[in-house]
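Take a look at the protein shown here.

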Amino acid sequence: MSESHEAAPTAPDGTGPPDQPTLKKAITPKLLLLFIVGDILGTGVYALTGKVAGQVGGAGWIPIIVAFAVAMVSALSYVEMVTKYPQAAGAALYVHKAFGVHFLTFMVTFAVLSSGITSASTSSIFLAENFLKAFQLEDALGDASAGTATAIALIFLGLVAVINMYGVSESVKANVVLTLIELTGLTLVVLVGFFAMAEGKADFSRVVLFETPGDKGFLMAVVAATALAFFSMVGFEDSVNMAEETVDPVKNFPRALIGGLSITGVVYVLISVVAVAVVPIGQLTEASTPLLTVVKVGAPGVPVDTIFAFISIFAVANTVLINMMMASRLLYGMAKQGVLPGFLKGVLRTRRTPWAGILFSTALGVVLVLTVRYVLAEKTISALGGTTALLLLTVFGLVNIAVLVLRRDTVDVRHFRTPTVLPVIGAITSFALVTPLAQPAQNYVIAGGLLAIGLVLYLITWFYNSAVKARRTRFRHPDDLGKS
């Protein structure tokens with residue numbers, strides 16, 4: 001079929017209109033490090049400490065270390081790819097360059113995109129509920145509290161869109177403030193733990209106590225707990241989508257990514273050890289706010305209800321901000337190649353931010369908030385974190401394979417090169433953690449539903465390109481995907 005309808009004025013590199021503004025390089029090494037640390041910490045460490053302990057008992061630090069090792073192997077693969085192809089599309093670019101299959105590339109993109117927006121949307125709801133607790137509005141509002149929380153979540157998504165629209169440097173600086181608040185909260189937990197130890201209130205014998213639910217053996221329990229703990233380690237992949245806006249990414253990305261993941265790994269291990277030493281395992285497992293429980297038990301005189309409600313708000317706000325930044329940049333990178341509608345590649349001339357991607361991702365977030373609040377059951381909402389990890393582990397497995405395949409593609413720029421054995425290990429471990437040995441059935445149901453939506457969008461895109469544009473649905477210039 002003829003593709004004569006594709007002709008249009010282009011820039012010298014053939015990527016788009018000659019007057020299309022490019023993204024601004026505004027992310028310095030320090031901002032990038034704090035961006036990565038803040039993205040990985042997020043809400044996971046505040047919510048999952050008790051759940052991991054519920055899988056393996058006091059030895060919850062074991063699956064956290066294993067999850068850290070798996071994440072670090074995949075992170076090194078990402079470092080090789082982002083320094084080799086420093087563009088804005090991340091995993092979608094790597095998978096397409098390795099395999100060249102449009103359908104696979106589209107589904108990988110949709111998996112990453114949906115995981116980010118779903119995380120941001122559910123986090124917005126959690127933020128709204130903590131907002132009501134912080135100002136003690138739940139009892140005063142009564143039956144209206146649920147609707148008020150939904151309205152606050154939607155308003156917050158709009159506020160995040162405004163911050164992202166104003167500029168990437170402003171967005172990342174806001175991330176710096178929120179990350180420092182997150183770290184302050186976690187430091188408080190560790191200090192309270194040390195205080196409890198000094199007062200003789202800590203029991204370190206629980207740290208080596210291994211307990212599993214049901215008849216699970218050691219290996220199966222650790223595998224299941226690792227898959228759960230891995231959700232706390234994801235986030236570093238978001239930074240890849242900021243490559244085009246980073247100063248000297250070839251030099252700065254390896255240090256920031258490895259350093260940021262290492263810092264958060266140490267924080268998680270410290271938190272897991274302190275938590276089980278201060279709080280009995282059963283009590284910690286049943287607590288909906290495990291870190292709040294740690295502070296209550298370790299320092300009962302501290303006004304923890306108010307303090308941690310506000311800290312949780314800031315921690316979740318950071319997660320939402322970074323996820324929505326990632327989603328808008330991913331939409332921008334894909335639209336520049338005509339895989340997604342062309343309006344999504346719009347960039348503000350004054351602020352040089354991807355306004356179309358920001359608006360579209362925010363609209364999807366609003367739809368998800370309303371769906372989660374009024375359609376999905378409570379246990380389905382609680383499984384979304386595991387589903388996010390399931391989707392991203394699959395993507396990580398494909399990226400590790402792509403690293404090996406793309407070793408045949410030589411480029412004229414210096415770049416990081418991870419030892420060959422590590423992508424092999426990364427692919428095997430990532431795919432092992434998406435098997436039924438590590439994932440409950442409900443995660444497959446939710447992930448399948450999300451990917452089914454992606455399939456519908458793919459078919460709509462294919463029909464539109466074929467019937468209206470008279471062209472094939474494919475990447476026309478894969479080497480320019482995400483390039484400004």
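Buried means under 20% relative accessible area, exposed means over 50%, and partly exposed is in between, using a 1.4 Å probe and protein chains only. Arg206 has a relative accessible area of 15%, so Arg206 is buried. This is a predicted model: local features need pLDDT of at least 70, side-chain atom pairs count only at pLDDT 80 or more, and totals for chains, interfaces and linings use all residues. Residues are numbered from 1 along each chain as its sequence is written, and side-chain values use heavy atoms, leaving out hydrogens and water.

**The whole protein**

The protein has 484 residues, and 55% of them count as buried. It holds 20 helices and zero strands. Both are DSSP runs numbered from the N terminus: helices are H or I with at least four residues, strands are E with at least two. A contact means heavy atoms within 4.5 Å. Take the contacts between residues at least 6 apart in sequence: 83% of them join residues at least 24 apart.

**Ring pairs**

A pair of aromatic rings is described by the distance of the centres and the angle of the planes. Rings of Phe, Tyr and Trp (its six-membered ring) pair if their centres lie within 6.5 Å; planes under 30 degrees apart are stacked, over 60 edge-to-face, and the rest tilted. How many aromatic pairs does the structure hold? It holds five. In one of them, the centres of Tyr78 and Phe396 are 5.6 Å apart and the planes stand at 80 degrees, so this pair is edge-to-face. Tyr78 sits in helix H4 (residues 61-84) and Phe396 in helix H18 (residues 384-405), 318 residues apart. Ring pairs also link Tyr78, Tyr94, Phe230 and Phe396 into a cluster.

Phe135 and Phe310 form another edge-to-face pair, with 5.4 Å between centres and 80 degrees between planes. Phe135 lies in the loop between helix H6 (102-134) and helix H7 (138-141), while Phe310 lies in helix H15 (residues 304-335), so the pair ties together parts 175 residues apart in sequence.

| Residue | Relative accessibility | Class |
|---|---|---|
| Tyr78 | 3% | buried |
| Phe396 | 0% | buried |
| Phe135 | 44% | partly exposed |
| Phe310 | 28% | partly exposed |

**Charged pairs**

Side chains of opposite charge can pair when their charged atoms come close. A salt bridge is a side-chain nitrogen of Lys or Arg within 4 Å of a carboxyl oxygen of Asp or Glu. By this rule there are two salt bridges. Glu80 forms one with Arg407, and their closest N and O atoms are 2.8 Å apart. Glu80 is in helix H4, Arg407 is in the loop between H18 and helix H19 (421-432), and 327 residues separate them. Both Glu80 and Arg407 are buried. Glu80 has a relative accessible area of 0%. Beyond four places away in sequence, Glu80 touches Val403, Arg407, His415, Phe416, Arg417 and Thr418.

The side chains of Arg206 and Asp203 also meet in a salt bridge, at 3.7 Å from N to O. Asp203 is partly exposed, at 30% relative accessibility.

**Back to helix H4**

Val82 is in helix H4 too. Its relative accessible area is 1%, so Val82 is buried. Val82 and Val250 are 168 residues apart in sequence, and their C-alpha atoms are 7.6 Å apart in space.
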